[in-house]
Amino acid sequence: MEGRRPTKGNSEQPNAVRTQRRAAAPNGLERVREVARGQDGAKFTALLHHLTPERLTESYGKLKRNAAPGVDGVKWDEYGERLEQNIKDLHGRIHRGAYHAQPSRRTYIPKSDGKPRPLGIATIEDKIVQAAVVEVLNAIYEEEFFGFCHGFRPQRGPHDALDALATVIEKRKVNWILDADIKGLFDNVDHGWLQKMIEHRIGDRRVVRLIMKWVKAGVMEEGKWQASEQGTPQGAVISPLLANVYLYHVFDQWAHAWRKRRARGEVVIVRYADDFIVGFQYREDAGRFHRELRERLARFALELHPEKTRIIEFGRYAGERRKVRGEGRPETFKFLGFEHICAERVDGRFKLRRKTDPRRMTRKLAELKTELARRRHEPIPKQGLWLRSVIRGYDQYYAVPDNLPALRAFRRALERMWWQSLRRRSQRSRVGRNRRKRLSERWFPAARILHPRPSVRHAATLRRSRMR
């Protein structure tokens with residue numbers, strides 16, 4: 001949970017076997033992984049040869065089929081019409097230094113606060129090469145990253161971070177929480193620092209040049225090219241890994257050393273991309289960490305979001321202590337779509353309760369309302385199938401223990417929106433109570449918990465990691 005460990009699912013293509021009697025020899029990336037695991041700080045000076053036509057073809061197959069095209073207008077299926085020739089040509093250009101990164105096509109999506117979030121859509125060839133490079137670099141960095149880093153890593157997801165956080169809050173000496181968010185991480189990465197951090201482990205200058213080509217390729221917006229002086233292109237395949245490398249050097253190593261050398265009590269860390277939670281035993285440690293973290297981030301052109309960063313009293317004794325002081329219930333904090341609440345079990349012991357972030361639910365319902373209006377005149381069975389898939393997808397993320405009330409509230413709100421949409425099909429449309437009941441029973445699956453208790457799944461994850 002707190003140290004480094006190999007991540008499940010990093011094995012590459014099957015090892016080559018000459019005959020049925022001969023043992024398999026490790027493939028190239030497995031040898032890279034073994035060196036990264038056994039030689040801390042080793043530099044890898046020959047990596048480009050791992051970008052084989054086979055790996056590029058595999059990278060192409062893993063891309064989204066219906067993704068928007070980049071500035072060249074080439075879509076996934078169009079590129080695949082002459083895939084073998086295209087991959088052969090791309091491979092040749094990479095290895096003779098003739099490959100050039102294309103600028104990203106600028107587009108915008110709405111953020112949770114209503115502001116537009118800029119995204120860069122890369123060309124299909126840039127996505128292929130970036131995916132292949134990420135696969136190679138993961139063989140190195142997955143042996144180096146700390147266990148408390150969960151975002152954008154193979155075979156890890158938000159529920160791994162949520163389980164780790166719930167487990168340490170319930171079982172470790174956590175009395176104070178620093179809820180922090182780095183402001184505009186992808187927009188403010190310093191290119192000079194990023195290159196130095198990459199070169200710390202990657203000694204192959206050709207690979208470093210490839211990465212910096214993507215970082216500095218710029219964006220095309222309304223037919224005009226704009227240079228990229230800082231940041232990494234949001235939406236690019238390689239950007240999440242680069243962000244993790246940057247934060248590993250800026251935050252992870254520093255925070256891990258700080259809690260060992262500077263903290264008076266226990267300190268636990270859970271990070272998912274640029275959003276992280278740090279738990280402290282003592283308030284003094286939390287305040288000192290917060291102050292020194294601001295100084296640390298400023299050295300690397302980063303800053304904490306002033307409105308999303310705060311220290312709160314939280315944990316098994318927070319409610320009792322606040323009651324003695326005549327204060328209200330402990331404050332809550334939000335992390336990865338869930339509101340975290342101090343609660344009690346039936347026997348009075350402390351329990352961490354998680355419920356769906358109300359803002360996330362409101363935003364999701366608003367999106368579904370728009371989509372229902374678009375589908376208003378489709379046949380009811382077709383609408384029902386779509387709604388059932390929406391609910392199942394929603395439950396796959398939010399159906400965690402103690403969250404049944406929020407799951408049922410989501411269904412009730414969605415039902416009301418559907419009835420309103422059906423009534424607007426025509427002036428004669430009527431959806432009586434009995435019909436509503438039948439439709440709900442047919443198309444709305446009952447709310448139920450799909451995820452195990454955090455400590456159960458987290459313990460299983462740790463056991464698997466120790467067995468590898």
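Does Glu378 count as buried or exposed, and at what relative accessibility? Glu378 counts as buried because its relative accessibility is 18%, where buried means under 20% relative accessible area, exposed over 50% and partly exposed in between (1.4 Å probe, protein chains only).

**Before starting**

This is a predicted model, in which local features need pLDDT of at least 70 and side-chain atom pairs count only at pLDDT 80 or more, while totals for chains, interfaces and linings use all residues. Residues are numbered from 1 along each chain as its sequence is written, and side-chain values use heavy atoms, with hydrogens and water left out.

**The whole chain**

Display the protein chain as a cartoon. It contains 17 helices and 11 strands; these are DSSP runs numbered from the N terminus, helices being H or I with at least four residues and strands E with at least two. The radius of gyration is 25 Å, close to the 23 Å that the globule rule gives for 468 residues, so the chain is as compact as a globular protein of that length. This radius is taken over C-alpha atoms, and the rule is 2.2 Å times the number of residues to the power 0.38. Of the 468 residues, 50% are buried.

**Stop one: Glu378**

Select Glu378, which lies in the loop between helix 13 (358-374) and helix 14 (380-398). Apart from neighbours within four places in sequence, Glu378 is in contact with Gln383 and Arg425, contact meaning heavy atoms within 4.5 Å.

**Stop two: helices 13 and 14**

Now select both helices beside this loop. Helix 13 and helix 14 pack at an angle of about 165°, with their axes 13 Å apart; axes are lines fitted to C-alpha atoms, for helices over the stretch in contact, and angles run from 0 to 180 degrees between N-to-C directions. The two helices are therefore roughly antiparallel, a term for angles over 145 degrees. On helix 13, the residues making the contact are Arg360, Met361, Lys364, Leu368, Glu371 and Leu372. Their partners on helix 14 are Gln383, Trp386, Leu387, Val390, Tyr394 and Tyr398.

**Stop three: Asn244**

Finally, select Asn244 in helix 10 (residues 239-261). Asn244 is buried because its relative accessible area is 1%. Leaving out neighbours within four places in sequence, Asn244 is in contact with Phe145, Cys149, Gly151, Phe152, Arg153 and Arg271.

Methods: Angles under 35 degrees count as roughly parallel, over 145 as roughly antiparallel, 65 to 115 as roughly perpendicular and the rest as oblique.
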